[in-house]
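Please look over the sequence and the structure shown here before reading on.

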Amino acid sequence: MTIHVPKQHPINLRAARKTDLRSQFGALVYRIRNGKTQVLLITSRKTKRWIIPKGWPMSGYTAPQAAAQEAWEEAGVRGKVHDFPLGFYSYTKEIETRGGLMPMPVLVTVYPVKARKCVADFPEAGQRRQKWMSPKKAASLVREKHLAKMLRDFDARILR
């Protein structure tokens, strides 16, 4: 059976209210070491909790390209991004408005990124910690339950 995938076009952004549902693109960065899959978690800048690299859509980038760019900016990883998302998870981000802190719902589409090169000098170096670990360990450290399930179920062998 052959699956035909339409070519994804770059994103064109439009304005939205601050508290509307927003989209982000995340990178599940992985590598194979001694025959075992490892994934990369980083810490968030403010709360220092464990997360995957993720960020807002970027004009002129496809969703997978934006995920790969976040892997570079937040973790110093260059690699091969896959065009099919692994899945989705949601979280609530507190944003500052004139009326005080407001919850903003965010839906994250997660793309696998096979790490080919990891460097110490990258845009957000010094602002985050990073750690390679088993998918099971990573699942135990993240707060979002759907991301945890995605990590726990991740098998890099299906991506070859």
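## Proline 105

In this predicted model, proline 105 is partly exposed, with a relative accessible area of 32%. That value falls in the partly exposed class because buried means under 20% and exposed means over 50%.

Proline 105 is found in strand β7. Although proline 105 and threonine 92 are 13 residues apart along the chain, their C-alpha atoms are separated by 4.6 Å.

## Overall architecture

The chain contains three helices and eight strands. In sequence order, these elements follow the pattern β-β-β-β-α-β-β-β-β-α-α.

Of the 160 residues of the chain, 43% count as buried. The accessible surface of the chain comes to about 10000 Å², and carbon and sulfur atoms account for 51% of that surface. When contacts between residues at least 6 apart in sequence are considered, 72% join residues at least 24 apart.

## Nonpolar cores

In soluble globular proteins, nonpolar side chains tend to be buried together. In this chain, the largest nonpolar core has 24 residues. Within that core, the residues with the most contacts are Val39, Leu41, Tyr89 and Leu151. Two or more residues of this core are given by each of β1 (22-33), β2 (36-43), β6, β7 (100-118), α2 (135-141) and α3 (145-153). A second, separate core has 17 residues, among them Met58, Ala71, Ala75 and Val113.

Which residues does leucine 41 touch, not counting residues up to four places away in sequence? Leucine 41 touches Trp50, Ile51 and Ile52, and also Arg129, Gln130, Lys131 and Met133.

## The largest pocket

About 670 Å³ of space lies in the largest pocket. The elements that give two or more residues to the lining of this pocket are β4 (54-55), α1 (63-75) and β6 (87-97). The largest share, six residues, comes from β6.

The pocket is lined by 23 residues. Ser44, Lys46, Lys54, Tyr91 and Lys93 lie nearest the centre of the pocket. How many lining residues belong to each class, nonpolar, polar and charged? The lining has 13 charged residues, together with five nonpolar and five polar residues.

How values were computed: Residues are numbered from 1 along each chain as its sequence is written. This is a predicted model: local features need pLDDT of at least 70, side-chain atom pairs count only at pLDDT 80 or more; totals for chains, interfaces and linings use all residues. Side-chain values use heavy atoms; hydrogens and water are left out. Helices (H or I, at least four residues) and strands (E, at least two) are DSSP runs, numbered from the N terminus. Buried means under 20% relative accessible area, exposed over 50%, partly exposed in between (1.4 Å probe, protein chains only). Contact means heavy atoms within 4.5 Å. Accessible areas come from the Shrake-Rupley method with a 1.4 Å probe; for residues, only the protein chains shown count as cover. On a 1 Å grid over the protein atoms alone, a cavity is a set of points where a 1.4 Å probe fits but cannot get out, and a pocket is an open set with protein on both sides within 12 Å along at least five of seven lines; lining residues have an atom within 4 Å of a point. Grid points are joined across faces, edges and corners, and a volume is the space filled by probe spheres set on the points. Ala, Val, Leu, Ile, Met, Phe, Trp, Tyr, Cys and Pro count as nonpolar, Asp, Glu, Lys and Arg as charged, and the others, Gly among them, as polar. A nonpolar core is a set of buried Ala, Val, Leu, Ile, Met, Phe, Trp, Tyr and Cys residues joined through side-chain atoms within 4.5 Å.
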